[in-house]
Amino acid sequence: MNTSIESIDVAIVGAGPAGLMAAMQAKRQGLSVALFEKNRPGGQALAANLIENFPGMPNGIRGPELVQRFIEQVKAHGIQIRKETVTNISKSGDLFLIKTTSQELKSSAIIIASGLSPKRLKITGEEELLGDVIFSYDNPDELPASDKRILVIGSGDAAFDQALNFSRIAREVAIAIRKNEPKCAPILLERAERENIEVLTGYIVRSVEKTADGVLVSFSNDERILTDLLITCIGKEQNFNFIDDVLLKSQVPGLFWAGDCHRNMDRHISIACGDGTAAAMDVAEYIGSLKTKNQ
Ligand SMILES: Cc1cc2nc3c(=O)[nH]c(=O)nc-3n(C[C@H](O)[C@H](O)[C@H](O)COP(=O)(O)OP(=O)(O)OC[C@H]3O[C@@H](n4cnc5c(N)ncnc54)[C@H](O)[C@@H]3O)c2cc1C
């Protein structure tokens, strides 16, 4: 292994709430930290319209504002967020080798806080239209949605939440559901009906095509809908494409997890923050034990 490469105590993958908190706690434990983020720091919290369940915010707080505060706090701890995608991690002896889009470095421990990404429809036409007329879980206020036709794909709470958010600004909003019943909380369905959101059941998307008049969505029941923006809310998947199966499936000493990427259902900012803090404390203890072992 190249010995001239940077060597640190802990590398953290992802600067969402879990990674940001892990970095702060690791720094407080006296560890050297490298925090990597492939997109904008803040992760999914950036998309939250109004966060009402984070402590210390009696009137709630918008996601981007909470993230801004997190980032200021991280900077106040002297932590720099490296705008790099982690592409591979491996372990040799007691050390991890981390490869990113622009460097390699060694660390004694890693915290994976890489969160989740929206699942894709995986249908013809989707890839080219992503970020143009197809979006997922984005903050409605950041999309050109005013006076537009919006079609939301999905049947859970997130889909209904998004549809309700868009109904504040859009001309018309509909939700297309694969099955015959939505999976959302009954209160969200009631609210959607009150806001005149059309709920279409038995609609499985087959393809999408951009036309002069909008985006034409074709369904397997032979129906077609012309809309301006297509919002997909069909679930999420773990961002694990930089970890091989051996590291993923075995208990590797020095490898720690935090936040949504290792939780099935409890996906909240406060939980991710707590996880990040706990992971950094575990790292400090682990590195202490490594030092004792190598004395
Ligand atoms: C629309 C919406 C509304 C929500 N509302 C609320 C709410 O009101 N209250 C609440 O408590 N929770 C809410 N949540 C959930 C909350 O945002 C998540 O639970 C929280 O963000 C999880 O934090 P995390 O750090 O584990 O993961 P994430 O926020 O997913 O952050 C992971 C980060 O890792 C980065 N990353 C991934 N792979 C790599 C890589 N290879 N290299 C470098 N970086 C990488 C990602 O870009 C991302 O920034 C909401 C979520 C959404 C989508």
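Two strands count as paired if DSSP finds at least two bridges between them. Strands (E, at least two residues) and helices (H or I, at least four) are DSSP runs, numbered from the N terminus. Keep in mind that this is a predicted model: local features need pLDDT of at least 70, side-chain atom pairs count only at pLDDT 80 or more, and totals for chains, interfaces and linings use all residues. Residue numbers start from 1 along each chain as its sequence is written.

Let's start with the sheet. Five strands make an open sheet in the order E8-E15-E9-E10-E11, with parallel pairing. E8 and E11 stand at the edges with a single partner strand each, so one side of each has no neighbour in the sheet. E8 pairs with E15 in the parallel sense over three bridges, and Ser136 has Thr232 in E15 as its bridge partner.

| Strand | Residues |
|---|---|
| E8 | 134–136 |
| E11 | 198–201 |
| E15 | 229–232 |
| E9 | 149–153 |
| E10 | 172–177 |

Now for the cores, meaning sets of buried Ala, Val, Leu, Ile, Met, Phe, Trp, Tyr and Cys residues joined through C-beta atoms within 7 Å. Buried means 20 or more other C-beta atoms within 10 Å of a residue's own, with C-beta atoms placed from the backbone. The largest nonpolar core has 45 residues, and Ile12, Ala22, Ala23, Ile110 and Ile111 touch the most other members. Elements that each supply at least two residues include helix H1 (17–28), strand E6 (104–112) and helix H7 (269–293). A second, separate core of 31 residues includes Phe135, Ala145, Ala163 and Val208.

How values were computed. Contact = placed C-beta atoms within 7 Å. Axes fitted to C-alpha atoms, helices over the stretch in contact; angles between N-to-C directions. Buried ≥ 20, exposed ≤ 12 C-beta atoms within 10 Å, placed from the backbone.
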